[in-house]
Amino acid sequence: MDATLTLASADLVAAADGVLVFSSDVPVTVVLDGTRTEIPVSERTTVAGATLVVLASADAARLRSADPDGRVHLTDVPHRPDKAEPTAVRAARRRCDAAPEEPAGLHTLPPTLEALGVYRGRGTYRTTTDLTDIDELLLTGAADIVDLSVAGRPHPPIAGFGAARRIDVRDVTGSVAIEARVEIWGHANFDDARLPALRLGALRGLGTLWKVRDATDVSALWTVHGHWAAAPAPTRVLGGWSCTRVAVPVTYTRTVHSPTPSALHLRGVVEPLRVSVDDGEPGTVHAENPWVLLPAGTHQVSVTLPHHPSGPGLRAELLALDAVRDWSCAVQDDELLTAFAARSGRTEETRLPLALKPGEEAWLDVDLPASPDGCLVRLDATQVRVTGWAGGECVGRVWAGDRPAFSGGDPDALWVPPRWPGLTLLVQGMEGPDTPEIRALRLGGPIDYSG
């Protein structure tokens, strides 16, 4: 074919023997040897001695060959088996024993799970502390998932990827027991600076739990530097400098005093801003974790942000902190949990639905029907986290109820490959708006034809 194709508004999927085949679901405009033509879908025409064919995208995917006159030959449509309705499973065997723990020593402050030899799995941190006159706790650096119980009362799961989290404890006082079970769901293979646990190389564990001794509003008495501010430096509330130079960075500086370690909470952060303490290098503070930890003493804090007179405004609060100390630790690594899941033991027949208390766990053995194609398991459940094992391997985890956003796969299903025997589930009840409950397992095939 001796012709020049100047324009085609669709993909060219074949060219041979004087025939050009395009793929499109709308009419296609083609300019060939200076001649412009529009070809409807599933039709053909001749231009400059060439036959032009437009196939719908579904047909183009099955194109096998094209004749010189433009007739096309397609492969057969693959057979789609009838979509089977999911099978509901409501019978299980509940194990009478819980998975064992391995003691991991006494520690002044909570160590990382990796320091305790756990790279996949979970660990439990326990202590007793005096919460007299303490209204809230502050948890910093915790990852991945923390199930916290104070004085025997479970709190909703914490999955903040290391961001600071305030915890209301006004309903308890005196010497109370604190228990935190921390589960690893993975390690970052990327470097996301917005959250501590999403940084490349970030470790997992409880982080540090602090008692909040005092909270002081420090939004006022910031001095303004740069941005046409004269000397002596004017004093404003944080973010309150008046100027017409919108988006130009302006720096606010303030002295803060705290005889104990403290945390500066910057409320109202929308865009990232820069914070420096004393003569240290500036660091970036993001909306996802608007906190700056400060050692005990007097410090000069500088906050640099783009001038935004129409913005929501910033507030600053200084929390005086006291670390909760003297922790005992125990661990359950991946090998221990997998071995326990594969082990047989005393069980009791259980019919679903199964309701759990927040913080309660249940190990369930489930018989799956034989399937040469494998089995996709979905849960009909609320306020539970479920980990599944089959054939000596962890096959996935599902979180039903209030949960953080997930990406990279189906967060609501477990996949059991063909000929992998049995299914064992660790079901964890969570505090939240609904009763923790697993009502049924929905078993389907490996391919969902609903789309």
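Which residue in E3 is the bridge partner of Ala14? The partner is Val21.

1. Basis. This is a predicted model, in which local features need pLDDT of at least 70, side-chain atom pairs count only at pLDDT 80 or more, and totals for chains, interfaces and linings use all residues. Residues are numbered from 1 along each chain as its sequence is written, and side-chain values use heavy atoms, with hydrogens and water left out.

2. The sheet. Four strands form an open sheet in the order E2-E3-E7-E6, with mixed pairing. Strands (E, at least two residues) and helices (H or I, at least four) are DSSP runs, numbered from the N terminus. Two strands pair if DSSP finds at least two bridges between them. E2 (11–16) and E6 (44–47) are the edge strands; each has a single partner strand, so one side of each lacks a neighbour in the sheet. On average, neighbouring strands of this sheet are turned by 25° against each other, direction ignored. The axes are lines fitted to C-alpha atoms.

3. E2 and E3. These strands run antiparallel, and five bridges join them. E3 covers residues 19–23.

4. Aromatic pairs. The structure holds three. Rings of Phe, Tyr and Trp (its six-membered ring) pair if their centres lie within 6.5 Å; planes under 30 degrees apart count as stacked, over 60 as edge-to-face, and the rest as tilted. Phe340 and Trp363 have ring centres 4.8 Å apart and planes at 75°, so they are edge-to-face. Phe340 is in helix H2 (residues 334–342) and Trp363 in strand E32 (residues 361–366), 23 residues apart.

5. Trp389 lies in strand E34 (residues 384–390), 26 residues from Trp363. Buried means under 20% relative accessible area, exposed over 50%, partly exposed in between (1.4 Å probe, protein chains only). Phe340 is buried at 3%, Trp363 at 4% and Trp389 at 5%.

6. Charges over rings. Arg95 lies over the face of Phe340, 5.2 Å from the ring centre. The charged end of Arg385 sits over the ring of Trp399, at 5.3 Å from its centre. The criterion is NZ of Lys or CZ of Arg within 6 Å of the ring centre and within 35 degrees of the ring normal.

7. Ala215. This residue is in strand E19 (residues 208–217). At 38% relative accessibility, Ala215 is partly exposed.

Note on methods: Axes fitted to C-alpha atoms, helices over the stretch in contact; angles between N-to-C directions.
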